[in-house]
Amino acid sequence: MSLWTTALIFAGVSSGWAIAGGLSGLIPLGHAAFFGVGAYSSALVFAKYDWNPWLGIGLGVVMSAALAWLMTALAVRFKVKGAYFGLYTLAWGEMLRIIASNWDYVGKTNGVLIPFKPEAGVAQMQFSDPRGFYVVALAYGAFSMAVFALVKWSPLGWRLSAIRGDEATASASGINVSRSLSACMAISGGVTSIGGGLYAHYIQFIDPELGFNVSVSIDIAVRAILGGETLVLGPFLGSAAMTNVSEFAHDHLGDLPQMSLLIVGVAIIALAHWFPRGIAGVGLQLGRLVLRRRGSNR
């Protein structure tokens with residue numbers, strides 16, 4: 001139950017990443033910035049002031065969306081594109097990690113410990129039964145998938161598709177590139193922030209390494225890419241695959257703790273070569289193949 005609760009939270013976070021990384025053609029590598037902002041805002045609201053943590057999550061969404069909009073608007077203004085955009089966003093995450101590590105208010109490197117109140121229930125995001133948080137994680141995953149689908153098939157999604165295909169042509173046709181990309185990143189950052197808040201309350205702790213570390217950004221992106229960042233179910237399949245590989249490596253390859261990273265790396269290389277649309281793309285191609293064979297047999 002614990003394993004799949006974490007997998008669902010990160011599936012939702014990866015769906016948030018895919019809104020930007022899959023639909024817009026951007027290569028964001030700093031989503032730990034939004035994950036950490038959501039985690040710290042919710043944790044601090046509850047631990048320091050005993051306020052409702054859902055209020056903290058809402059605050060984190062607003063701050064993350066504003067941060068994402070600012071980051072993207074500046075990048076478009078100064079023509080930061082491609083791999084440089086990835087490094088640019090990664091630098092924002094690292095900057096926030098350094099700030100959090102040296103700021104007394106957020107506990108510096110000691111982080112923030114969230115007190116457990118089993119009688120609080122869903123209103124305070126605390127449960128004595130682990131199935132309670134599993135349901136919350138499942139709801140968040142479904143919400144993230146719905147947001148991804150809505151953006152993909154909305155007018156914004158069509159504009160993003162045009163920008164991904166040819167930014168210069170999209171701009172010449174009247175599409176406001178800066179506004180479209182900034183809106184996309186703001187939605188992506190907000191969805192990611194929710195996952196950060198949920199994760200902090202699930203493990204009842206957050207510190208700069210858990211919230212803002214580069215490895216968090218990479219993990220989020222890899223789950224989406226492995227599953228298929230342009231498809232609705234992609235981040236969920238990628239997160240499930242990553243979770244199973246990590247658990248297999250932990251159970252059977254305990255003497256080689258980095259083996260899970262090697263397995264995932266080989267899988268990504270293989271998928272990129274034969275199935276560039278990820279695990280979800282494999283299922284899509286198999287489904288089309290079955291339909292073609294059925295049609296030819298009639």
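What follows is a short chat about reading the chain, from its overall build down to single residues.

Q: Before we start, what kind of model is this, and how are residues numbered?
A: It's a predicted model, where local features need pLDDT of at least 70, side-chain atom pairs count only at pLDDT 80 or more, and totals for chains, interfaces and linings use all residues. Residues are numbered from 1 along each chain as its sequence is written, and side-chain values use heavy atoms, leaving out hydrogens and water.

Q: How many helices and strands does the chain have?
A: Helices (H or I, at least four residues) and strands (E, at least two) are DSSP runs, numbered from the N terminus. Here you'll find 13 helices and 2 strands.

Q: What does the radius of gyration say about the chain?
A: That radius is taken over C-alpha atoms, and the globule rule is 2.2 Å times the number of residues to the power 0.38. For 298 residues, a compact globule would come out near 19 Å, and the chain's 20 Å agrees with that. Along the principal axes, its C-alpha atoms fill a box of roughly 60 × 50 × 35 Å.

Q: Is Ser180 buried or exposed?
A: Buried means under 20% relative accessible area, exposed over 50%, and partly exposed in between (1.4 Å probe, protein chains only). Ser180 has 4% relative accessibility, so it counts as buried. Across the chain, 47% of the 298 residues are buried too.

Q: Where does Ser180 lie, and which residues does it touch?
A: Look in helix α8, residues 177-203. A contact means heavy atoms within 4.5 Å. Leaving aside residues up to four places away in sequence, Ser180 touches Leu156, Arg159, Leu160, Ile163 and Ile175. Taking the chain's contacts between residues at least 6 apart in sequence, 77% join residues at least 24 apart.

Q: What should I look for in phi angles?
A: Most residues other than glycine have a negative phi. Lys79 has a positive one, near 55 degrees. You'll spot Lys79 in the loop between α3 (53-77) and α4 (82-101). With a relative accessible area of 66%, Lys79 is exposed.

Q: And what is the phi of Gln204?
A: Gln204 also has a positive value, near 60 degrees. Its place is the loop between α8 and β2 (205-206). Gln204 counts as partly exposed, because its relative accessibility is 24%.
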